[in-house]
Amino acid sequence: MRFRAILDTMPVYKPGKRVTAPDGRSFKLSSNESPFPPPPSVLEAIRRAATEINRYPDASCHRLTEAIAERYGVPYDHVALGPGSVTVAQQLLEAVGEPGVEVVYAWRSFEAYPLLADMAGVTSVRVPLRDEAHDLEAMAEAITDRTRLVFVCNPNNPTGTASRTAELAAFLDRVPEHVIVALDEAYREYVRDEDVPDGLTLYRERPNVVVLRTFSKAYGLAGLRVGYLIGQREAAEAVRKVMIPFAVSHVAQAAAVAALEAEQELLARVEEIVKERTRVRDALLGQGWQVPPTEANFVWLRLGDRTTEFAEHCARYGVAVRPFPGEGARVSIGDAEENDAFLTAAAEFPR
């Protein structure tokens with residue numbers, strides 16, 4: 001059997017794992033999930049939709065597309081769906097990808113970018129972070145006549161840092177009009193810095209900007225896989241063309257519509273996470289850690305060669321964190337009990 005040569009060098013995506021302490025405690029802070037279950041209205045929508053799973057889902061995702069368009073005040077044909085924003089990113093790469101094409105992104109950023117680029121057959125151009133944040137000036141300089149797509153993860157995963165209005169506008173001014181800039185805003189709902197721009201404002205003014213968002217984080221539907229792109233008609237249409245038919249399940253579509261209807265309840269939960277984020281970061285700073293400001297639902301610890309040791313240390317307390325060996329650890333914000341368990345582990349890590 002013969003397979004693509006790139007498969008020999010592609011790393012396998014490693015999801016956040018769960019660990020258990022000797023006393024049986026287990027706190028999963030490795031996957032940036034919401035610690036809260038869906039609200040009753042969303043659970044009821046899931047229950048009703050589950051009785052209809054003998055039928056194929058709506059391949060056009062019409063009702064959900066309509067709900068997203070109405071929620072954000074955008075044209076219906078500016079919305080494209082996919083099973084999670086990571087798959088929407090894959091669809092976008094497939095829409096632009098062919099031999100010789102380059103995609104530019106910061107590194108370290110969302111770990112799926114290299115994997116998706118390899119699968120699409122395009123060349124990755126990784127631009128190192130500067131002070132744990134996107135170096136947008138260097139990213140602009142990395143664009144060539146072979147570049148068709150740039151990812152800007154804002155806030156950045158896994159560091160939590162965010163690009164602000166003036167620097168992002170200056171960057172976009174330098175990007176050629178034919179190069180698509182995908183603002184990956186999976187954590188947009190957690191942003192509290194007013195100087196971090198909303199990508200939907202930028203997309204309205206700049207035809208080459210598209211915005212990726214998800215129902216996995218703030219809306220608490222990680223297990224159902226729903227993401228979307230908002231961009232100008234040409235871009236959204238291209239992304240829809242490469243979506244696998246029936247990729248977004250009937251249950252997922254129904255749950256996402258219900259989640260939009262329950263948005264105020266869900267955003268109140270987001271506010272709780274933001275408060276816990278502040279408490280956790282302040283406590284870590286008080287312990288002597290260096291923690292960059294974060295606008296997401298996680299914190300980042302630059303640990304270098306001690307990253308794996310730290311993850312193993314936390315595991316003994318029943319706390320699963322997300323290690324990036326040789327670099328650092330990302331720790332999701334959970335509920336108060338989960339966060340307290342992590343803070344205890346961090347305080348007792350020998351430094």
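Trainee: How much space lies in the largest pocket?

Mentor: In this predicted model, the largest pocket holds about 650 Å³ of space.

Trainee: And which residues are closest to its centre?

Mentor: The lining of the largest pocket is made up of 28 residues, and those closest to the centre are K14, E111, R322, P323 and P325. The elements that give two or more residues to this lining are α4 (112-120), α11 (307-315), β10 (319-320) and β11 (322-324).

Trainee: Which element gives the most to that lining?

Mentor: That is α11, which contributes 4 residues to the lining of the largest pocket.

Trainee: How does the lining of the largest pocket split by class?

Mentor: There are 16 nonpolar residues in the lining of the largest pocket, together with 9 charged and 3 polar ones. As for where they come from, domain 1 (13-38 + 262-348) and domain 2 (40-260) each supply at least three residues to this lining.

Trainee: OK, moving on to the second largest pocket, how much space lies there?

Mentor: About 490 Å³ of space lies in the second largest pocket. Its lining has 25 residues, of which Y13, S31, F110, K217 and R225 are the closest to the centre, and the elements that give two or more residues to it are α3 (85-96) and α4.

Trainee: Is K217 buried or exposed, and why?

Mentor: K217 counts as buried because its relative accessibility is 16%, and the cut-off for buried is under 20%.

Trainee: Which residues does K217 touch?

Mentor: Leaving aside residues up to four places away in sequence, K217 touches S31, N32, S34, A186, Y187 and Y190. One of these, S31, is also listed with K217 among the residues closest to the centre of the second largest pocket.

Trainee: Last topic: which residues does the UniProt domain annotation cover?

Mentor: The annotation "domain: Aminotransferase class I/classII large", which comes from the unreviewed UniProt entry, covers residues 27-344. Over that range the chain is 41% helix and 17% strand, with the end C-alpha atoms 13 Å apart.

How values were computed. Residues numbered from 1 in each chain as written. Predicted model: local features only at pLDDT ≥ 70, side-chain atom pairs only at ≥ 80, totals over all residues. Heavy atoms only, no water. UniProt positions renumbered as here; feature names shortened; annotations may be inferred. 1 Å grid on protein atoms, 1.4 Å probe; cavity = no way out; pocket = protein on both sides within 12 Å on 5 of 7 lines; lining within 4 Å. Points joined across faces, edges and corners; volume = space filled by probe spheres on them. Nonpolar A, V, L, I, M, F, W, Y, C, P; charged D, E, K, R; others polar. Domains from an automatic or database assignment. Buried < 20%, exposed > 50% of the residue type's maximum accessible area, 1.4 Å probe, protein only. Contact = heavy atoms within 4.5 Å.
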